[in-house]
Structures are given as C-alpha cells and as structure tokens.
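My notes follow in the order I took them.

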Amino acid sequence: MTKLFTCLLTVALLALASSLASAHDPSSLQDFCVAVNNSNSAVFVNGKFCKDPKLTTVDDFFFPGLDVPRSTSNQVGSNVTLINVDKFPGLNTLGIALARVDYAPYGLNPPHIHPRATEIQTIIEGTLLVGFVTSNLDNRLITKVLNKGDVFVFPMGLIHFQFNIGETNALAFSSLSSQNPGVITIANATFGSNPPINPDVLAKTFQLDKNVVNYLQQKF
C-alpha cells in the first residue's frame, strides 16, 4: 500500500512539474500590449482578425514576385523585402515570415535585431560575411564567410549582420520564426530615435565627444 501511494504521489508531482514547465505566456507579436477594460478600443493580441475559413481562396496563401531583383541604391547598399503578415495575410497565426535580401557589391545589412524571431538564411548568389554577437557578459562574435548554398542561423534577439565581401551582387533568402518578427537597426534606433536620446547619454555610453554624437544624430 505504501509503495502504491509513493508511486501515485511521484506521478502526481511529475504531472504538476510538467504542467508548470509548459505553462507560459505566448510570444508577443508587437512591441507592447497595454491592457484596457473597454473592448471597443481593443484589438486582438496578434493585431489581426481572421477571415471566415469558408471564404478563403487560394490567393490568400500565395505571394508572387520574389524573383524580381530589388534596388540597392542606398547608403548601405542592400535591400530587405520582408514578406510578413501585413503583406501576406495567409501567414496570420502560422508563426513564419520570409525575406528576400539583395546586396550590391560591398553592400551591408547593418547590425540589427529581430525582437520576436530567429532567422535562418540561405545564400543564393555571392559571398557574405555574416555574424552575430552573444549577450552580456560574453559578447562573443560568432562569424563566418558564406558562399552559394550555405545556410546560417541567427538566434532570436541577438545583434547580427550580413556584409557582401564580393565584387558582384549577392542574394539571400531568410525565413523568420514569427509572422511579425520586427526589426531594430542598432545605429538608426540609437542615433535616430524620435525624440533624440540625450546626447550626454550617448557620449558617455560610447565614450565619444558630444560633438560627434550631435553629428551622428543629425546624420540618422
């Protein structure tokens, strides 16, 4: 009898531990979600209403045109075409997005993070230097040169980049583990925020002269 009681108690405790381990809040699909009591001013957590399944068509699950090269005539020499739920409604609740990334020779997709997604990238053409930086206190750079056919993964929330080190155009496709992965480009967010971050904060953070900070804030 004692053995039976012990066995049942063990099973019960394991079941409780398992339920606690698997109980967690769903990942957020926006930067924040302020609680309100008035349902008239509220939206669904993922920000999208669902179409009646009986009214869906094949076009809800189809997106054309990713074979077309995008312009890279900009300061960084790259162009990210993100296909998320806003452009492709069929992605809603599926937890995935796709991006085409075009790079001019020596074009850069500058250091950035995706707050809500891991990214896995496949190189279609060209040679890219890619990498990400681990979190504090380590801040270790994980980097590699990739060629056509290579695949690399960038863990969610870590700063990462891609740089075309070749003399020809490069092309890559990325899959992201969220219908709305979000993106924060480090330089733009730091020096181009609206309103601007106090220059004294940035000067002390980056150990820069305040005049340099003012210049960077004007540039971004």
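**Entry 1: helix α4.** I began with helix α4, residues 210-219, where Val213, Leu216 and Gln217 are buried. Helices here are DSSP runs of H or I with at least four residues, strands are runs of E with at least two, and both are numbered from the N terminus. Buried means under 20% relative accessible area, exposed over 50%, and partly exposed in between, with a 1.4 Å probe and protein chains only. I looked down the axis of α4: its buried residues fall within an arc of 100 degrees, so they line one face of the helix. That arc is taken over the directions from the helix axis to the C-beta atoms. An α-helix has 3.6 residues a turn, so residues three or four places apart point the same way.

I then turned to the face of α4 away from the buried side, which carries the exposed residues Asn211 and Gln218. The cover over the buried residues of α4 includes α2 (186-191) and α3 (199-206). Contact, as I use it, means heavy atoms within 4.5 Å.

What caps the N-terminal end of α4? Aspartate 209 does, with a side-chain oxygen 2.7 Å from the backbone nitrogen of asparagine 211. A polar contact is a pair of N or O atoms within 3.5 Å; within protein, one must be able to donate a hydrogen and the other to accept it, and residues adjacent in sequence count only if both atoms are side-chain atoms.

**Entry 2: ground rules.** This is a predicted model: local features need pLDDT of at least 70, side-chain atom pairs count only at pLDDT 80 or more, and totals for chains, interfaces and linings use all residues. Residues are numbered from 1 along each chain as its sequence is written, and side-chain values use heavy atoms, with hydrogens and water left out.

**Entry 3: the whole chain.** I noted four helices and 10 strands. Along the sequence the pattern reads α-β-β-β-β-β-β-β-β-β-β-α-α-α. Of the 220 residues, 29% are buried. I also checked contacts between residues at least 6 apart in sequence: 70% of them join residues at least 24 apart. The protein exposes about 14,600 Å², and carbon and sulfur atoms supply 62% of it. Accessible areas come from the Shrake-Rupley method with a 1.4 Å probe; for residues, only the protein chains shown count as cover.

Entry 4: Glutamine 179 sits in the loop between β9 (170-176) and β10 (184-185). Is glutamine 179 buried or exposed? It is buried, at 2% relative accessible area. Its side chain makes a polar contact of 3.0 Å with the side chain of asparagine 92. The side chain of glutamine 179 also reaches the backbone nitrogen of threonine 93, at 2.3 Å.

Asparagine 164 belongs to strand β8, residues 160-164. Its relative accessible area is 0%, so asparagine 164 counts as buried. I found its side chain 2.9 Å from the backbone oxygen of alanine 104. Leaving aside neighbours within four places in sequence, the contacts of asparagine 164 include Tyr103, Pro105, Thr127 and Ala170.

**Entry 5: salt bridges.** I counted five salt bridges in the structure. The criterion is a side-chain nitrogen of Lys or Arg within 4 Å of a carboxyl oxygen of Asp or Glu.

- Lysine 51 pairs with aspartate 60 at 3.1 Å, N to O. Lysine 51 is partly exposed at 45%, whereas aspartate 60 is buried at 16%.
- Aspartate 102 pairs with arginine 100, with the closest N and O atoms 2.8 Å apart. Both aspartate 102 and arginine 100 are buried.
- Lysine 148 pairs with glutamate 125, with the closest N and O atoms 3.5 Å apart. Lysine 148 lies in the loop between β6 (141-146) and β7, and glutamate 125 in strand β4 (residues 119-125), so the pair ties together parts 23 residues apart in sequence. Lysine 148 is exposed at 58%; glutamate 125 is partly exposed at 38%.

**Entry 6: valine 153.** Valine 153 is partly exposed, at 41% relative accessible area.
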